[in-house]
Amino acid sequence: MSDSTADKQRTEWRSIAEAGGTDAWVHQELLRQGLIDEGVDTASMGDKERKAYKARREEERRVRKILRKDAWAAYRRAHLVHVGTGVFYHDTADIDRFDIDDPEQRRQQNDLPALATAQDLAQALDLPMPRLRWLVYHREVDTGSHYHFWTVPKRSGGERLISAPKPDLKKAQRWIAEHISERLPIHGAAHGFVAGRSTVTNARLHAGAAVVVKFDLEAFYPTITFPRVKGLFRKAGYGEQVATVLALLCTESPREQVALKGKLYYVAVGPRSLPQGAPTSPSITNAICLRLDARLAGLARAAGWRYSRYADDLTFSWHRRDAAAPVGRLMRMLGRIGSDEGFALHRKKTRVLRSGRRQKVCGLVVNAAGDGQPRARVPRKIVRELRAAIRNRELGREGWDESLAELAGMASYVHMADPKKGRAFLDRIAALQAAGQQSGGEVSS
């Protein structure tokens, strides 16, 4: 749709509203077309005049019906009207008891855009209202989906559902992430999907610990449902109307594909929640976990632990050598706080790692190094395999099936934890890539 068409659609209803609403606008248009004769005395009319008058009345009724239909169409082009069964929504932006005391000040504190109405949001997203309605409309059974779905194996067994938004929705979610969700306050204990932080910064906090205790939040993304996401946007300073639309854009129901009479349907099998694979989901989870992180950091500080969170992985470490780690009490308190904040621990994934065995956090080894210095390290096995793969390439031998780009990705991972070692690997891979370009192709694996 061209910009001029979108602008025209936005102004159609505005002109009707400025006339005083549908009834006033219809009356105004009928007067303009000469179809309303005000103050006419039909008793003084002759038969011919009365017949002409009745014909005009018939025309008036016909045109009135068309005008009212046009007005409703203009209203629908400028408003969402309805966003699906089971979702409360109204087009009038108003104030209710869930509004915070000073929403404008809250938005200014976090440098968030002022969006008073759904129309403001549609304009910010550069979407005509019918397109926005199409993106947010909730159906329990749908003939299509705004997501691509696939599964990947979990390390602990089973499969993880990945829901990647299609281009139109992805563009809207990226705008929301950039301008809203990534600007919301998060706790310093959060290391996942935060600029300047990584698995390395998360693991490094626990390096050299006497005891490392790892917890996993069960069904993390499905736990963060539509009402919780909507509540986050309300707390950020947005009204009921805009918060509802933002939450619809950022959530989706888990769905099963069902074939019926040769046609494929997407059937909702659970409530709307954050999809794993959407650009908005990581920043929303960090913002929603603000109070959880604050309470767990306070618990850790009071009891002598260190605490960090990477997505749904919670890590505590005990560094005192003169006292036993109170692991049992930590588990009990963590269970209570997690439950209070709407999360459940995956008990089977809880791990207590003492310094006498390998301690890994986010895949990195955090046991004290041979020189006694605490740091996070890539496991030796990965380093040895990467070194061997690079050496085989240099000697022209067959080795791994991975491309040079994939080897460079592994070397970058090593570089995050050990810049000196990682840089040496990256330089060797760069030399192989240069040699491949000179010979007209990539060096054989």
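Reply: Start with one term: contact means heavy atoms within 4.5 Å. Keep in mind that this is a predicted model.

The residue to start from is S281. Leaving aside neighbours within four places in sequence, S281 is in contact with Y221, L274 and P275. S281 belongs to helix α12, which covers residues 281-288. Is S281 buried or exposed? S281 counts as buried because its relative accessibility is 1%, and the cut-off for buried is under 20%. The side chain of S281 also reaches a backbone atom: the oxygen of P275, at 2.6 Å.

Now step to the loop between β6 (263-268) and α12. P271 sits in that loop. P271 has a relative accessible area of 57%. P271 is therefore exposed, as the cut-off for that is over 50%. What does P271 touch, beyond neighbours within four places in sequence? The contacts are T225, E252, S253 and P254. T251 is 20 residues from P271 in sequence. In space, the two C-alpha atoms are 9.3 Å apart.

E252 leads on to a cavity. The whole structure holds two cavities of 30 Å³ or more. The largest cavity has a volume of about 140 Å³. It is lined by 17 residues, and those closest to its centre are Y137, H146, E252, R255 and R272. Two elements give two or more residues to the lining of the largest cavity: α6 (129-136) and α11.

The largest nonpolar core has 67 residues. Which of them touch the most other members? They are L132, L249 and F316. Helix α11 (residues 240-250) gives the most to this core, with eight residues. Take L132 as an example. Beyond neighbours within four places in sequence, L132 is in contact with L80, A118, A122, L125, L127, V245 and L249. One of these contacts, L249, is also among the residues that touch the most other core members. There is a second, separate core of 25 residues. V361, L407, A408 and F425 are included in it.

Next comes the largest pocket. Its volume is about 1,500 Å³. The lining has 49 residues, and the closest to the centre are R160, D216, D312, D313 and K349. Which elements supply at least two residues each to this lining? They are β2 (147-153), β3 (159-165), β4 (211-216), α9 (220-223), β8 (313-318), β9 (351-354) and β10 (360-361). Strand β3 gives the most, with four residues.

Charged pairs come last. Side chains of opposite charge can pair when their charged atoms come close. The structure has 24 salt bridges. One of them joins the side chains of D99 and R234, at 3.0 Å from N to O. D99 lies in the loop between α3 (47-78) and α4 (103-109), while R234 lies in helix α10 (residues 226-235), so this pair ties together parts that are 135 residues apart in sequence. R234 is buried, at a relative accessible area of 6%.

A further salt bridge pairs E394 with R428, at 2.9 Å from N to O. E394 is in helix α15 (residues 380-395) and R428 is in helix α17 (residues 419-438), so the bridge ties together parts that are 34 residues apart in sequence. E394 is partly exposed, with a relative accessible area of 32%. R428 also counts as partly exposed, at 26% relative accessibility.

Helix α17 holds another pair. The side chains of D427 and R423 form a salt bridge at 3.2 Å, N to O. How far apart are D427 and R423 along helix α17? They are four residues apart, so about one helical turn separates them. D427 is partly exposed at 41% relative accessibility, and R423 is partly exposed at 40%. Elsewhere, salt bridges that share partners join D99, K230, R234 and E240 into one network.

Key:
Residues numbered from 1 in each chain as written. Predicted model: local features only at pLDDT ≥ 70, side-chain atom pairs only at ≥ 80, totals over all residues. Heavy atoms only, no water. Buried < 20%, exposed > 50% of the residue type's maximum accessible area, 1.4 Å probe, protein only. Polar contact = N/O pair within 3.5 Å; in protein donor to acceptor, adjacent residues only side chain to side chain. Salt bridge = Lys/Arg side-chain N within 4 Å of Asp/Glu carboxyl O. Core = buried A, V, L, I, M, F, W, Y, C linked by side-chain atoms within 4.5 Å. 1 Å grid on protein atoms, 1.4 Å probe; cavity = no way out; pocket = protein on both sides within 12 Å on 5 of 7 lines; lining within 4 Å. Points joined across faces, edges and corners; volume = space filled by probe spheres on them.
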